[in-house]
Amino acid sequence: MGETPVVAWEIGRDEYEARVGRVRQILRERELDGLVLFHSVRLTYLTGFFHQRTERPMALVVPLDGPLGALVPRLEREHVAAYPAIARVRDYPEYPTGGTKHPMAHLRDLLTDLGLGGKRLGYDNDGYHDINSYDGPALSAIHDGPTAPARDIVDDLRTVKSEAELRLMRASATWGNLAHRLMHDRLAPGRSEIEVSLEASLEASRMLLAALGPTYRATGFVAQPATAVVQAGANTALPHPLSRGGGLRRGDVLVTFGDADVGGYHTELERTMLLGEPTPAFVRHFELMLQLQQAGFDALRPGRRLADAEADVARAFRDLGVADLQRHHTGHGLGLEGHEAPFIDLGDERVIREGMVFSVEPGLYVPGLAGFRHSDTVVVTAGGVERLTYYPRDLDNLVVPA
């Protein structure tokens, strides 16, 4: 009698194989013989191999036919062996101190082993990234055949989420919601932004691990499954402020964040809150922020261009008389990264499609007062969008008595 399978909080092998199949179809259409990927997230997207990026180059090679190949440092040899999608592995001694042969020369050998020497290759980047002081030659310098930029092959596939990806993102939203609630319940005058954030993140992570069970695994180098963050006061008038050690004070505007890593996928929940009684200025800007975010929700419909959706929100800023307080575009894609393509931006001409996932977060930033920004994660449906992050948005639920 076979054993009944249990829920695995990861993408299944069949989906990874289908992704590789779609990549190969595009390679044939472009008359490319193979694809070389250096970015760790693109490597993960096609294989499920989560790893830490360092000064040691790594690459995935996708030939038109046959096994996938990977270049890895020797210290990752046993790690990558656990991923059956990667059948041909070439490792190299410690870099930069070990051996006399540069890792990119080992990549050239791998390309030869896979029958790609002298063939036409696409790439996401022309060589490994400048990470932790890495320095080395470009792919085009070590390969004997022609090379061409092809970053969009994988990135375009990533823009529309599968049902398996959406399942993981819905779970991420649920646990991010919990992390935010635990942070919310700890807010009080005198407590620091950092201690509240750390306490809530730890407690939410403990609960996530207890609930999801042994099939859960961390996908980042720092294994924190759930995250909550609070930032306070006039510092929030900066869209990306740094947390401070000082205590929270009555009257502080709070911009908060919740997220959880489930199978490597993420969502984004942000709220504008207040410690103490609202002032007329706070209420005015809070209500304007809600109107702007609703304009963002309404603008996202299948078949429209993302540039048109951003134009709708920019028009709302102007109509409400606060165009001078806009600091950034309305939102960005979400998935394996906290920010990924496509973008709700005047410069993004891509067409909105069902299954795309975005943050919607048009913010108001008032120097000397505060920032006002709700961020919700939405998935595009046939009729518009569905909000995955369901934390309350109204003022009554976001004022903390003090």
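User: What volume does the second largest pocket have?

Analyst: In this predicted model, the second largest pocket has a volume of about 210 Å³. Its lining consists of 14 residues, and Ile 11, Tyr 16, Thr 47, Gly 48 and Tyr 83 are those that lie nearest its centre.

User: What makes a residue part of the lining of the second largest pocket?

Analyst: A lining residue has an atom within 4 Å of a pocket point. The 14 residues that line the second largest pocket therefore meet that cut-off. They divide into 7 nonpolar, 4 polar and 3 charged.

User: How is the lining of the largest pocket made up?

Analyst: The largest pocket, with a volume of about 1100 Å³, is lined by 47 residues. These divide into 16 nonpolar, 22 polar and 9 charged.

User: Which element gives the most to the lining of the largest pocket?

Analyst: Strand β8 gives the most, with 4 residues. The elements that give two or more residues are α2, β7 (226–232), β8 (253–260) and β10 (331–333).

User: Why are β2 and β3 called paired strands?

Analyst: Two strands pair if at least two bridges are found between them. Strand β2 (residues 59–63) and strand β3 (residues 68–73) have 3 bridges, so they count as paired, in the antiparallel sense. Within this pairing, Ala 70 in β3 is the bridge partner of Leu 60.

User: What makes β4 and β6 edge strands?

Analyst: The open sheet has 6 strands in the order β4-β3-β2-β1-β5-β6, with mixed pairing. Strands β4 (86–92) and β6 (147–149) each pair on one side only, and they are the edge strands. On average, neighbouring strands of this sheet are turned by 25° against each other, direction ignored.

User: Which strands does helix α1 touch?

Analyst: Helix α1 (residues 13–29) packs on the sheet and touches β1 (34–37), β2 and β3. The direction of α1 makes about 65° with that of β2. Helix α2 (residues 40–47) lies across β1, β2, β3 and β4, and runs at about 50° to β2.

User: Why is Pro 149 called exposed?

Analyst: Exposed means over 50% relative accessible area. Pro 149 has 63% relative accessibility and therefore counts as exposed. Pro 149 lies in strand β6. Between the C-alpha atoms of Pro 149 and Leu 202 the distance is 42 Å, and the two are 53 residues apart in sequence.

Note on methods
Residues are numbered from 1 along each chain as its sequence is written. This is a predicted model: local features need pLDDT of at least 70, side-chain atom pairs count only at pLDDT 80 or more; totals for chains, interfaces and linings use all residues. Side-chain values use heavy atoms; hydrogens and water are left out. Axes are lines fitted to C-alpha atoms, for helices over the stretch in contact, and angles run from 0 to 180 degrees between N-to-C directions. Contact means heavy atoms within 4.5 Å. On a 1 Å grid over the protein atoms alone, a cavity is a set of points where a 1.4 Å probe fits but cannot get out, and a pocket is an open set with protein on both sides within 12 Å along at least five of seven lines; lining residues have an atom within 4 Å of a point. Grid points are joined across faces, edges and corners, and a volume is the space filled by probe spheres set on the points. Ala, Val, Leu, Ile, Met, Phe, Trp, Tyr, Cys and Pro count as nonpolar, Asp, Glu, Lys and Arg as charged, and the others, Gly among them, as polar. Buried means under 20% relative accessible area, exposed over 50%, partly exposed in between (1.4 Å probe, protein chains only).
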